[in-house]
Amino acid sequence: AAGGGRCGGTVGAIFTCPLEVIKTRLQSSRLALRTVYYPQVHLGTINGAGMVRPTSVTPGLLQVLKSILEKEGPKSLFRGLGPNLVGVAPSRAVYFACYSKAKEQFNGIFVPNSNIVHIFSAGSAAFVTNSLMNPIWMVKTRMQLERKIRGSKQMNTLQCARYIYQTEGIRGFYRGLTASYAGISETIICFAIYESLKKYLKEGPLASSTSGTEKNSTSFFGLMAAAALSKGCASCIAYPHEVIRTRLREEGTKYKSFIQTARLVFREEGYLAFYRGLSAQLIRQIPNTAIVLSTYELIMYLLEDRVQ
């Protein structure tokens with residue numbers, strides 16, 4: 001199972017890498033915003049001639065994709081794949097090891113295997129995994145943000161790591177860690193929504209009206225939809241932490257801490273800036289989570305059958 005998870009994670013990382021690069025570029029402060037001029041009528045003036053007010057419009061997912069392909073070439077869509085592949089297996093391994101260890105501990109404190117145990121275990125596992133893996137994700141983000149002129153050589157993973165160490169020291173590898181901790185809330189929100197939807201599916205009108213085999217397939221697809229919906233809601237609610245994290249990881253940045261970055265982004269770009277790149281994130285994450293959670297449910301269901 002661990003091998004399957006690792007293999008699936010690797011394939012997933014390769015296929016979703018372009019979306020992640022686009023998402024990171026959209027989140028950064030160096031995104032080239034198009035300036036659009038809107039005529040603004042001043043009611044105070046007698047002739048109502050008005051002034052021209054410049055407003056910036058964020059480019060969409062496809063525009064960023066086109067721009068990367070034209071200016072940097074298709075290879076740039078796979079920036080940061082090296083650290084991603086290096087990080088996927090260990091981060092999963094650390095996460096699951098911490099999750100089961102935490103679950104043992106929390107089962108002794110709360111009602112065994114209750115939702116609160118799952119939530120606390122997931123939160124603890126995410127905390128440890130983020131702390132250990134932050135240097136690898138920092139290098140990945142920095143590589144994804146590096147723009148190149150077609151034909152010029154880009155830094156590889158080791159060169160990028162060495163450069164961060166030379167310019168910022170060990171502390172440089174831990175940029176954006178506070179934002180990652182804030183992102184743990186996403187796991188908790190996702191669990192909470194998923195569990196309540198699961199409960200509704202078990203007790204809902206559909207559950208009672210269908211028979212044996214049909215019921216199993218209905219509940220499987222129902223759980224898949226519940227997983228997708230809960231992940232989608234959680235991503236939307238907790239997404240701003242990702243934008244803040246990317247900003248904190250930028251080179252030579254004016255962004256210093258989590259709160260200061262949040263204030264600065266809000267003041268300079270407005271609240272919509274916190275949701276730049278969200279579409280790329282949803283396309284990348286929802287199918288993945290739906291498959292992982294529903295597969296997990298299926299395995300648990302088969303095991304339960306075996307036991308009975």
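These are my notebook entries on what I looked up in the structure.

**Ground rules**

I am working with a predicted model, so local features need pLDDT of at least 70 and side-chain atom pairs count only at pLDDT 80 or more, while totals for chains, interfaces and linings use all residues. Residues are numbered from 1 along each chain as its sequence is written, and side-chain values use heavy atoms, with hydrogens and water left out.

**Entry 1: overall layout**

I looked up the secondary structure and found 12 helices and 2 strands in the protein. Helices (H or I, at least four residues) and strands (E, at least two) are DSSP runs, numbered from the N terminus. Along the sequence the pattern reads α-β-β-α-α-α-α-α-α-α-α-α-α-α.

Next I looked up burial. Of the 308 residues in the protein, 40% are buried. Buried means under 20% relative accessible area, exposed means over 50%, and partly exposed is in between (1.4 Å probe, protein chains only).

I then looked up contacts, where contact means heavy atoms within 4.5 Å. Among contacts with a separation of 6 or more, 73% are between residues 24 or more positions apart.

The protein exposes about 17500 Å², and carbon and sulfur atoms supply 65% of that area. Accessible areas come from the Shrake-Rupley method with a 1.4 Å probe; for residues, only the protein chains shown count as cover.

**Entry 2: nonpolar cores**

A nonpolar core is a set of buried Ala, Val, Leu, Ile, Met, Phe, Trp, Tyr and Cys residues joined through side-chain atoms within 4.5 Å. In soluble globular proteins, nonpolar side chains tend to be buried together.

Which residues make the largest nonpolar core? I listed 12 residues: Cys17, Leu19, Val21, Ile22, Leu26, Leu31, Leu61, Val64, Ile68, Leu77, Leu81 and Ala280. Helices α1 (2–27) and α2 (61–71) each supply at least two residues of this core. The largest share, 5 residues, comes from α1.

I picked Ile68 from the list and looked up its contacts. Leaving out residues up to four places away in sequence, Ile68 touches Val21, Ile22, Arg25, Gly73, Ser76 and Leu77. There is also a second, separate core of 8 residues, which includes Leu248, Tyr255, Leu264 and Val265.

Pro83 lies in helix α3 (residues 81–109). Is Pro83 buried or exposed? Pro83 counts as buried because its relative accessibility is 3%. Not counting residues up to four places away in sequence, Pro83 touches Ile136, Trp137, Val139, Lys140, Met143 and Thr157. Pro83 and Val139 are 56 residues apart in sequence, yet their C-alpha atoms are 7.0 Å apart in space.

**Entry 3: aromatic pairs**

Rings of Phe, Tyr and Trp (its six-membered ring) pair if their centres lie within 6.5 Å; planes under 30 degrees apart count as stacked, over 60 as edge-to-face and the rest as tilted. How many aromatic pairs does this rule give? I noted 7 aromatic pairs.

One of them is Phe110 with Phe120, a stacked pair at 5.3 Å centre to centre with 5° between the planes. Phe110 is in the loop between α3 and α4 (115–145) and Phe120 is in helix α4, 10 residues apart. Phe110 is partly exposed at 29% relative accessibility, and Phe120 is partly exposed at 38%.

Another stacked pair is Phe127 with Tyr181, at 4.4 Å centre to centre with 20° between the planes. The pair links distant parts of the chain, with Phe127 in helix α4 and Tyr181 in helix α6 (residues 177–182), 54 residues apart. Phe127 is partly exposed at 41% relative accessibility, and Tyr181 is partly exposed at 26%.

I also noted a cluster in which ring pairs link Tyr95, Phe96 and Tyr99.

**Entry 4: a residue in the loop**

I looked up Asn113, which lies in the loop between α3 and α4. Asn113 has a positive phi of about 55° although it is not a glycine. Asn113 counts as partly exposed because its relative accessibility is 46%.
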